[in-house]
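Trainee: Please take a close look at the sheet in this model. I would like the pairing walked through strand by strand.

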Amino acid sequence: MTDKSNRRAPALIAYHVTESDDPNWTRIGAAWDHDDTKGLTLQLDLIPVAFTGRIVLREPKPKQEAGA
């Protein structure tokens, strides 16, 4: 079992974005850089069943400080 406190933060967050006039962004996973910097590992926690749209990878937003 992996100790969660030793896990690296993901390099990118994966979102499913619907194709519409008002797109809906749903977080579906994350991606981590390889140690040799020549690739990424993508982990999808959710795969849209009726897939229309696209998967977008974006940098994570900075965590907000407590009380901000």
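Mentor: Start with the rule for pairing: two strands pair if DSSP finds at least two bridges between them. Strands are DSSP runs of E with at least two residues, helices are runs of H or I with at least four, and both are numbered from the N terminus. This is a predicted model, so local features need pLDDT of at least 70, side-chain atom pairs count only at pLDDT 80 or more, and totals for chains, interfaces and linings use all residues. Residues are numbered from 1 along each chain as its sequence is written, and side-chain values use heavy atoms, with hydrogens and water left out.

Now the inventory. The chain has zero helices and four strands. Read from the N terminus, its elements run β-β-β-β.

The four strands form an open sheet. Their order is S3-S2-S1-S4, and the pairing is antiparallel. The edges are strand S3 (40–44) and strand S4 (54–58), each of which pairs on one side only. On average, neighbouring strands of this sheet are turned by 30° against each other, direction ignored. For that angle, axes are lines fitted to C-alpha atoms, for helices over the stretch in contact, and angles run from 0 to 180 degrees between N-to-C directions.

In general, strands of a sheet pair through backbone hydrogen bonds, either parallel or antiparallel.

Take strand S1 (residues 12–17). It pairs with S4 in the antiparallel sense over five bridges. S1 also pairs with strand S2 (residues 25–33), again antiparallel, over six bridges.

Move on to S2 and S3. These two pair in the antiparallel sense over five bridges. Ala31 stands opposite Leu42 in S3. Asp33 has Leu40 as its bridge partner in S3. The hairpin of S2 and S3 has six residues between the strands. There, Thr37 takes a positive phi near 60°.

Finally, the chain as a whole. Of its 68 residues, 18% count as buried. Buried means under 20% relative accessible area, exposed means over 50%, and partly exposed lies in between, with a 1.4 Å probe and protein chains only. Among contacts with a separation of 6 or more, 46% come from residues 24 or more positions apart. A contact means heavy atoms within 4.5 Å. The accessible surface comes to about 6000 Å², and 51% of it belongs to carbon and sulfur atoms. Such areas come from the Shrake-Rupley method with a 1.4 Å probe; for residues, only the protein chains shown count as cover.
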